[in-house]
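The structure comes next, and the description follows.

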Amino acid sequence: MPTSKDAALRAINKPAEYGPDLDVSQYARETKNWEPCPISSLPRDILERSIEVGVLPEHESRAASFFQIDHSVIYRAVQSFFEDKVEIMSVKEALAKYDWLKDYWWRIVKVDMDKYTALAEIAWDQGYFIRILEDQKVTIPLQACLFIATDNLNQNVHNIIIAEPGSEAHIITGCTLHSSVQRGLHVGIAEFYIKQGAKLTFTMIHNWAQNFDSRPRSAALIEDNGVFVSNYMCFKPLKSLQMYPVAYCKGRDARARFNTIIYGVGGSYIDVGSKIALQNEGCRGEVISRVIAADRAQIYARGFLQGEHSNTKAHLECRGLILSDDAVIHAVPELMAKAQSTELSHEAAVGKISEEQIQYLMARGFSRSEAEALIVRGFMDVSIFGLPKDLEMEIQRMIDITTKRAL
Amino acid sequence: MVENILEVRNLSVEVSGRRVLSNIDLEIPKGEVHVLFGPNGSGKSSLIMAILGFPAYRIVSGRIIFKGKDITDLPIDERVKMGISVAFQNPPAIRGVKLGEVLKHLLPNEKKANDLLKKVKFPQIFLERDINLGFSGGEIKKSEILQVLAHGGDFVILDEPDSGVDVENLRILGGVINDMLHERSALIITHLGIILQYINADVAHVLMNGVIACSGPPTKILGQILNEGYAWCEKCLQVKTQRCEL
């Protein structure tokens, strides 16, 4: 029987469908080991970076936490109140503990999809396993941080997230790096399993560096009446980012929603899409993206809705704001209907800041630059994500800093 | 001599190379309320956009003097800061920018802002809404008047405050506008003159094809327009090159 390793080896030179093709051998694989410690005991510069991506040192504000630096898992714990509700551990630990977990491994993300999935199999460096137990409603968010502390490192994580039937949770994942890190490659595989009647909100914030490359590969499988909400944000410059996560609404009345806010600055090359496949009666989907391109940023904003079953419905909305003549936004919305009574729609609008809006705000006493900042800030309205208030304020603060710099 | 809050001197304006206003002279003494009549496309909105300094309304000749200062070359925000408050007819919707944010900028005192909200009978929840996005005609008028009140300038420009508003809301807005004008000067555009049922105006001007065709007592001019239509003004323009005084 061919193993996933065999498939990976065959795909190791296979370029991704989109995005610049990277020579994965240019990055280092070796790095030191980090000793386990509580998040609050981490060096200040690491802590500050992790807070920026929504990962907090205070244990009581998160139901469970996972922290990985380079290839080392330094912390993982569930707050005592939630001990019988959720599980969080390194994925290697989980695979050793649960024999059944192998059935979830490379199931909805294909190991031979491209050279990056292949790399994540061949040179696999941990990742997390999160499981929300049956019927448990976890009222405060769980958090996970994937941190890179070594320059030019290649980090490959593989995460498995399972929301058991009737459970509810919100997971915040922050991916970031140390201020001394300029280059590197992060490959993040994530497989989400949303079982019957479960609801999972997954919020991911990426903060990379100017010469850093990122290739997340993720998919979600949603069963009867399940709900999957994915929020993605990226505000800092990077060299290249390419991802195209997929949600398979497999069960009856399964729902999926992708919210994306991207602020492309510097010379960033960003190619991000979201795909929803409606595979059963009553499935619903929504893809909402807001992209801003400043400086010389090139952004591809893709979306794909696939109606495979009758009585399904999905909508795709992409708005782009272009702040510089050297920037590019390419919106690529796609709809594919394979059944008669599937209702798919999209709207896409790309343009510069409207003069009419600026002048209106100026007539309210805002200066031109204040008006522009207000419009850009409003364009990235994170309130659509339904985040915890403190995180929403933190993100808003980051957006304010970013927009101030760009305008 | 009466002090003028606004003087428009020999103003000619172009939009995309097309002449929309020609040699407009207009003086509004401090404390007076002037109304501007005129058929669709006669240049009423162009005149207020030019007074406010919207760049698309290019001033070909003439000056605009506000409170004795030449503001012809100032940007919009600086004119507004000198005390011009405006209610637009068709303001743009801006996603993610909340009415509350704009209101807070105009009037940082939250208690006073809430009092104004009650005055125009606007529910608090509107502050959380994206400005003008999905607002009904009446809601837009209320929101605009609310912003004028919050700004509190001593010269008020209202562009058709009475169009597209139902009877109930017209009564509320008419009362609010009347209160507001007791201590302010104003230039009010009205197409049908309905607002005159609620306020006392001092002088009316009729704008025809970018020219002020006549000026005089508001009720008298409105009566003529309602009886004979703007054709009467057209005739008037042909007879005299000067504006007629009723």
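Predicted model: local features only at pLDDT ≥ 70, side-chain atom pairs only at ≥ 80, totals over all residues.

A residue counts as buried if 20 or more other C-beta atoms lie within 10 Å of its own, as exposed if 12 or fewer do, and as partly exposed in between.

**Strand E14 and its sheet in chain A**

Strand E14 of chain A, residues 255-264, is mostly covered, since 10 of its 10 residues are buried. In a regular strand, side chains alternate between the two faces of the sheet. A:Arg255, A:Arg257, A:Asn259, A:Ile261 and A:Tyr263 point one way from E14(A). A:Ala256, A:Phe258, A:Thr260, A:Ile262 and A:Gly264 point the other way. The residues of both sets are all buried.

E14(A) pairs with strand E11 of chain A, residues 227-234, in the parallel sense and over eight bridges. In this pairing, A:Phe228 stands opposite A:Ala256 of E14(A). E14(A) is also joined to strand E16 of chain A, residues 284-293, by 10 bridges, and these two strands run parallel. A:Arg255 has A:Arg284 as its bridge partner in E16(A), while the partner of A:Tyr263 in E16(A) is A:Ile292.

These strands belong to an open sheet of 10 strands in chain A, with the order E2-E1-E5-E7-E9-E11-E14-E16-E18-E20 and mixed pairing. Which strands stand at the edges? They are strand E2 (72-78) and strand E20 (342-351) of chain A; each has a single partner strand, so one side of each is left without a neighbour in the sheet. From one strand to the next, the twist averages 5°.

Helix H2 of chain A, residues 44-52, lies across strand E5 (142-148) and strand E7 (168-177) of chain A, and runs at about 130° to E7(A).

| Helix pair | Angle | Axes | Handedness of crossing |
|---|---|---|---|
| H1 (residues 4-11) and H4 (residues 115-122) of chain A | roughly 135° | within 8 Å | left-handed |
| H5 (residues 137-151) and H6 (residues 167-181) of chain B | about 15° | 11 Å apart | left-handed |

H1(A) makes the contact through A:Ser4, A:Lys5, A:Ala8, A:Leu9 and A:Ala11, and H4(A) through A:Lys115, A:Thr117, A:Ala118, A:Glu121 and A:Ile122. By class, the residues of this contact divide into five nonpolar, two polar and three charged.

H5(B) and H6(B) pack at an angle of about 15°, which makes H5(B) roughly parallel to H6(B). On the H5(B) side, B:Gly138, B:Lys141, B:Lys142, B:Ile145 and B:Leu149 take part, and they meet B:Asn169, B:Leu173, B:Val176, B:Ile177 and B:Met180 of H6(B). The residues of the contact between H5(B) and H6(B) are six nonpolar, two polar and two charged.

**Single residues**

A:Gln155 is found in strand E6 of chain A, residues 153-163. Is A:Gln155 buried or exposed? A:Gln155 is buried, because 29 other C-beta atoms lie within 10 Å. Leaving out residues up to four places away in sequence, A:Gln155 touches A:Asp70, A:His71, A:Asp125, A:Ile148 and A:His186. A:Gln155 and A:His59 are 96 residues apart in sequence, and their C-alpha atoms are 26 Å apart in space.

A:Trp106 has a phi near 55°, a positive value in a residue other than glycine. A:Trp106 sits in the loop between helix H3 (91-97) and H4 of chain A. With 19 other C-beta atoms within 10 Å, A:Trp106 is partly exposed.

In chain B, the phi of B:Asn10 is near 50°, also a positive value in a residue other than glycine. B:Asn10 is placed in strand E1 of chain B, residues 4-15. B:Asn10 counts as exposed, because there are 11 C-beta neighbours inside 10 Å.

**Where the chains meet**

The contact takes 17 residues from chain A and 19 residues from chain B. On the side of chain A that touches chain B, the elements that give two or more residues are helix H5 (355-362) and helix H6 (368-379) of chain A. This side of chain A has seven nonpolar, six polar and four charged residues.

Definitions and conventions
Residues numbered from 1 in each chain as written. Chains lettered and ligands numbered in written order. Contact = placed C-beta atoms within 7 Å. Helix = DSSP H or I, 4+ residues; strand = E, 2+ residues; numbered from the N terminus. Nonpolar A, V, L, I, M, F, W, Y, C, P; charged D, E, K, R; others polar. Axes fitted to C-alpha atoms, helices over the stretch in contact; angles between N-to-C directions. Left-handed = near helix turned anticlockwise from the far one by under 90°. Pairing = 2+ DSSP bridges. Parallel < 35°, antiparallel > 145°, perpendicular 65-115°, else oblique.
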